[in-house]
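This briefing goes from the overall fold to the surroundings of a single side chain. Please keep the sequence and the 3D view at hand while reading.

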Amino acid sequence: MLKSIIADSGASVHITDQKIINAKLIKPIKICTASSEIFFVAQYSGDLVLKTNHNNHSYTLKNVLYVPNCGGTYISLSTLDKMGLSYQAKNGTLNIKYNSQTVLKAILDTSSGLYNLDGEIDREHHGLCHQMN
């Protein structure tokens with residue numbers, strides 16, 4: 001079963017428990033959850049390739065923290081905002097845009113209240129893809 005990729009307004013960085021590419025060892029970073037009761041430790045940073053369903057493009061997220069026990073992949077909306085992307089939620093769809101073109105789309109899961117990315121981690125990608133630095 002594929003794990004969801006969550007577009008997370010509360011995340012300050014991108015994190016994943018999936019294999020990252022171009023991994024590099026970093027000084028351990030302690031990550032606190034919203035409840036402030038659970039902590040995770042990231043020891044690697046690297047790239048994560050996302051393949052979208054709505055336009056069949058692949059996008060590389062840079063500086064994603066690898067946290068083996070975090071329970072999924074969380075895309076930080078604030079980090080995307082700092083990179084010059086914008087986002088808007090309406091009618092159960094979150095559109096993430098670059099230069100007014102939708103690059104990523106997430107669908108609201110009404111049972112959890114979370115936006116799940118309409119795509120997947122592309123583990124087989126070897127071709128050209130768009131960089132999101």
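In what order do the elements of the protein run from the N terminus on? In this predicted model, the order is β-β-β-β-β-β-α-β-β-β-β-β-β, and the protein accordingly holds one helix and 12 strands. The radius of gyration is 14 Å, close to the 14 Å that the globule rule gives for 133 residues, so the protein is as compact as a globular protein of that length.

**Overall dimensions and packing**
- The C-alpha trace of the protein spans about 35 × 35 × 30 Å along its principal axes.
- Of the 133 residues, 38% count as buried, and among contacts with a separation of 6 or more, 57% come from residues 24 or more positions apart.

- His 14 sits in the loop between strand E1 (5-8) and strand E2 (15-16).
- Because its relative accessible area is 2%, under the 20% cut-off, His 14 counts as buried.
- The side chain of His 14 reaches the backbone nitrogen of Ser 76 at 2.9 Å.
- Beyond its neighbours within four places in sequence, His 14 is in contact with residues including Leu 61, Lys 62, Asn 63, Val 64 and Leu 65, and also with Tyr 74, Ile 75, Ser 76, Thr 79 and Leu 80.

Key. Residues numbered from 1 in each chain as written. Predicted model: local features only at pLDDT ≥ 70, side-chain atom pairs only at ≥ 80, totals over all residues. Heavy atoms only, no water. Helix = DSSP H or I, 4+ residues; strand = E, 2+ residues; numbered from the N terminus. Rg over C-alpha atoms; globule rule 2.2 N^0.38 Å. Buried < 20%, exposed > 50% of the residue type's maximum accessible area, 1.4 Å probe, protein only. Contact = heavy atoms within 4.5 Å. Polar contact = N/O pair within 3.5 Å; in protein donor to acceptor, adjacent residues only side chain to side chain.
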